[in-house]
Amino acid sequence: MTIIDSPTAIGSGSAATDNFKGERFTADTSPERLSAMASEALAGFSALIQKFGVTYDEYRVLKQWLIEVGEGGEWPLLLDVFVEHEIEDVNSRKFKGTKGSIEGPYYLPGAPELSSPATLPMRPEDRKQTPFIMRGQVTDLEGEPLAGSTIELWHADAEGYYSGFAPHIPDWNLRGTIVTDREGRYELTTIAPAPYQIPTDGPTGQFIEAAGWHPWRPAHLHLRVSAENQHPIITQLYFAGGEWLDSDVASATKPELLLNPHTDDCGRNVVRYDFTLDPLDA
Ligand code: MBD
Ligand code: FE
C-alpha cells in the first residue's frame with residue numbers, strides 16, 4: 001500500500017469548489033433567525049478574543065489564512081471536515097433507519113448505473129489492492145424490500161485521490177450507481193479503501209499541522225442510498241479495527257457504520273450490510 005504524502009491540495013480544492021458552485025442554493029431563513037445566529041456567532045468570537053487576548057499578529061495571520069482557504073478552493077474541504085458532522089447530527093435525529101454521515105466534498109451525482117452484482121470501474125493499479133465484496137438488502141422501516149433502489153458508492157484510491165477531483169484519474173473511477181434487484185438485494189465488488197489523509201500542502205493541512213493535530217480519516221466508503229418515496233441517506237462505512245476510527249479528523253464515524261469483513265469459502269474478503277430507509281414524510 002502506498003500513500004502519497006501530499007495529494008495536491010490546489011487541484012482537488014479547486015475542483016471541489018467548482019463542483020459546489022455548479023448549483024445555486026437558497027434557504028428560507030428569516031431575518032430574525034439570521035440575526036440571532038449571527039449575533040451568537042459574533043459573541044462567541046468576541047468571548048474567544050477576550051479570553052485568549054488575541055494579538056494583532058494573530059488577527060492578521062487569520063485574515064491571510066482565510067484568504068488562502070478561498071484562493072486554494074478549500075472552503076468545501078475545511079467546512080466538511082470541521083463543521084458538517086454537527087449539521088448532519090442535528091438534521092438526522094428524527095430518522096430511524098440506517099445512520100447517516102457527512103457527504104464530504106467529493107460526491108458527484110450521476111455515476112454510471114451498474115446492475116447487481118456490480119464491479120466498480122477501476123484501473124489496473126487499483127486491481128492490485130485487496131478486492132472487497134459487499135452485499136445486502138435495502139428495505140423500508142417495516143423490513144419490506146425496496147426493489148429498484150439505488151446505492152451510489154464513491155471512494156478514494158489507495159493514494160487518497162477521488163476521481164473527478166484529480167486529473168490523472170479516469171472519470172467515474174471507483175464510483176458507481178448500483179440498482180437493487182426484485183428483493184431489494186445488491187452485490188458489489190470494489191477494492192478495500194485505505195486511510196485518507198487531508199491534503200497537507202494546502203491551508204487546511206497547514207492549519208492542522210500548525211495546531212499539532214493529525215490529518216487522517218479512517219478508511220471509508222461513501223454511499224448515497226435512495227428509493228422511491230423514501231428519504232435518501234448519505235452515509236459512510238468504515239472498517240472495524242482500522243486506524244483512526246477514534247480520532248477521525250472529520251469526526252464522522254459512528255459505531256453503527258462499522259463493517260466487519262470476513263474471508264469466505266473462496267478466500268474472498270466479504271461483508272454484508274443492509275440499509276433501512278425512512279419514509280419521505282418522516
Ligand atoms: C474526504 O474524503 C472526506 O470524506 C471528507 C469528509 C473530507 C475530505 C475528504
Ligand atoms: Fe472521503
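**Ligand site and local features of the predicted model**

A polar contact of 2.5 Å joins the side chain of Thr-204 to the side chain of Glu-74. The model in which this contact occurs is a predicted one. Thr-204 belongs to helix α7, which covers residues 203–210. With a relative accessible area of 0%, Thr-204 falls under the 20% limit and is therefore buried.

Pro-76 is located in helix α4. Its relative accessibility is 13%, so Pro-76 is likewise classed as buried. Between Pro-76 and Thr-98 there are 22 residues of separation along the chain, and their C-alpha atoms lie 25 Å apart.

The surroundings of ligand 1 were examined next. The shell around ligand 1 consists of Leu-77, Val-81, Ile-102, Gly-104, Pro-105, Tyr-106, Tyr-162, Tyr-196, Ile-198, Arg-217, His-220 and His-222. By residue class, this shell comprises eight nonpolar residues, three polar residues and one charged residue. For Tyr-162, a polar side-chain atom is placed 2.8 Å from an oxygen atom of ligand 1. The corresponding distance is 3.0 Å for His-222 and 3.2 Å for His-220. Ligand 1 taken alone exposes 260 Å², and 100% of that area is buried by the protein. Two or more residues of the shell come from each of the elements α4 (75–82) and β9 (220–226).

Several backbone features were found in loops. The peptide bond that leads from Ser-116 to Pro-117 is cis, and its omega is near -5 degrees. Pro-117 is in the loop that links β1 (113–115) and β2 (118–119).

Positive phi values occur at Trp-172 and Ser-251, neither of which is a glycine. In Trp-172 the phi is about 70 degrees, and the residue is found in the loop between β4 (150–154) and β5 (175–179). The relative accessible area of Trp-172 is 26%, and the residue is therefore partly exposed, a class that lies between the limits of 20% and 50%. In Ser-251 the phi is about 50 degrees. This serine is situated in the loop between β10 (233–239) and β11 (258–259). Ser-251 has a relative accessible area of 42%, so it is also partly exposed.

Terms used: Residues are numbered from 1 along each chain as its sequence is written. Chains are lettered from A and ligands numbered from 1 in the order in which they are written. This is a predicted model: local features need pLDDT of at least 70, side-chain atom pairs count only at pLDDT 80 or more; totals for chains, interfaces and linings use all residues. Side-chain values use heavy atoms; hydrogens and water are left out. A residue is near a molecule or strand if one of its heavy atoms lies within 4 Å of it. A polar contact is a pair of N or O atoms within 3.5 Å; within protein, one must be able to donate a hydrogen and the other to accept it, and residues adjacent in sequence count only if both atoms are side-chain atoms. Accessible areas come from the Shrake-Rupley method with a 1.4 Å probe; for residues, only the protein chains shown count as cover. Helices (H or I, at least four residues) and strands (E, at least two) are DSSP runs, numbered from the N terminus. Ala, Val, Leu, Ile, Met, Phe, Trp, Tyr, Cys and Pro count as nonpolar, Asp, Glu, Lys and Arg as charged, and the others, Gly among them, as polar. Buried means under 20% relative accessible area, exposed over 50%, partly exposed in between (1.4 Å probe, protein chains only).
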